[in-house]
Amino acid sequence: MEFKGSQRHVFIALFYILTAAPAEYILITMEEKLTLLMSREEIAKAVARIAREIERDLSGNTTKPPILIGVLKGAFVFTADLSRELKMPVEVGFVRTTSYGLNDLPSDKANIIQGIEMDISGRDVILVEDIVDRGLTITTLMEHIEERAPASLRICTLLSRPSANDINSDYIGLSITDDSFIVGYGMDYKERYRDLPELYTITPSTCTHNDK
Ligand code: PRP
């Protein structure tokens with residue numbers, strides 16, 4: 001087939017759209033804008049303050065040390081830092097829950113994927129969360145833990161939203177007043193950013209490679 005005059009231009013334009021253009025579109029991807037919420041120093045100060053509060057409340061309280069129960073995955077970094085900051089013996093366990101899926105939409109209930117594996121009866125337990133958001137996870141876990149008859153149960157969270165289902169956390173690093181999505185220091189957006197040492201708010205946005 002032979003193309004002449006304007007036909008040739010149409011063919012060239014079509015060829016560009018079907019070949020060159022897709023390459024350009026690959027660069028126009030969903031990207032996220034991160035804004036610093038808490039620096040490493042600010043997080044360390046909050047962790048230290050919470051550790052002092054826990055020591056004040058529980059040092060020498062019982063014959064057995066308190067048990068920190070970290071809520072995976074988001075609280076893995078906070079639990080590790082808090083356990084090392086505490087100047088008192090503690091035991092550490094984990095539970096694993098999920099309320100957000102890969103589509104980043106929260107579900108109506110938290111699912112316990114891995115429950116308590118330790119004997120916590122008669123022990124002082126501190127549930128360690130990265131964020132109490134709508135409070136579904138904590139509400140579900142409080143029931144799960146209270147069924148196992150601990151001596152006491154306290155809630156410790158690095159971040160808390162006031163809307164969190166009337167959950168009264170005993171230890172709070174920072175209260176968040178808006179509904180921004182937060183990543184870093186163990187917290188994810190679609191499984192990314194857990195490795196960042198700081199905390200950021202994240203704004204998903206469409207931008208081109210020129211916006212970088
Ligand atoms: C997030 C976060 C909290 C929970 C808070 O976990 O880490 O555990 O949601 O939300 P809620 O107060 O509304 O229940 P997620 O379920 O996303 O799992 P992850 O920790 O593995 O990221």
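Is the crossing of α3 and α4 left-handed or right-handed? Hold on to that one while we get our bearings in this predicted model.

Start with the overall layout. Of the 212 residues, 31% are buried. Now look at who touches whom: among contacts with a separation of 6 or more, 66% link residues 24 or more positions apart.

Back to our two helices. Helix α3 covers residues 40–58 and helix α4 covers residues 76–85. Their axes come within 9 Å and cross at roughly 55°. An angle like that lies between the 35 and 65 degree limits, so α3 counts as oblique to α4. And here's the reply to the opening question: the crossing is right-handed. On the α3 side, the residues that meet α4 are Val 47, Ala 48, Ile 50 and Ala 51, while α4 brings Asp 81, Leu 82 and Glu 85. Sort the residues of this contact by type and you get 5 nonpolar, no polar and 2 charged.

Next, the core. In soluble globular proteins, nonpolar side chains tend to be buried together. Here the largest nonpolar core has 41 residues. Setting aside neighbours within four places in sequence, Val 128 is in contact with several residues, including Ile 69, Phe 78, Leu 82 and Cys 156.

Technical notes. Residues are numbered from 1 along each chain as its sequence is written. This is a predicted model: local features need pLDDT of at least 70, side-chain atom pairs count only at pLDDT 80 or more; totals for chains, interfaces and linings use all residues. A residue is buried if 20 or more other C-beta atoms lie within 10 Å of its own, exposed if 12 or fewer, and partly exposed in between; C-beta atoms are placed from the backbone. Two residues are in contact if their C-beta atoms, placed from the backbone, lie within 7 Å. Axes are lines fitted to C-alpha atoms, for helices over the stretch in contact, and angles run from 0 to 180 degrees between N-to-C directions. Helices (H or I, at least four residues) and strands (E, at least two) are DSSP runs, numbered from the N terminus. Angles under 35 degrees count as roughly parallel, over 145 as roughly antiparallel, 65 to 115 as roughly perpendicular and the rest as oblique. A crossing is left-handed if the near helix is turned anticlockwise from the far one by less than a right angle, and right-handed if clockwise. Ala, Val, Leu, Ile, Met, Phe, Trp, Tyr, Cys and Pro count as nonpolar, Asp, Glu, Lys and Arg as charged, and the others, Gly among them, as polar. A nonpolar core is a set of buried Ala, Val, Leu, Ile, Met, Phe, Trp, Tyr and Cys residues joined through C-beta atoms within 7 Å.
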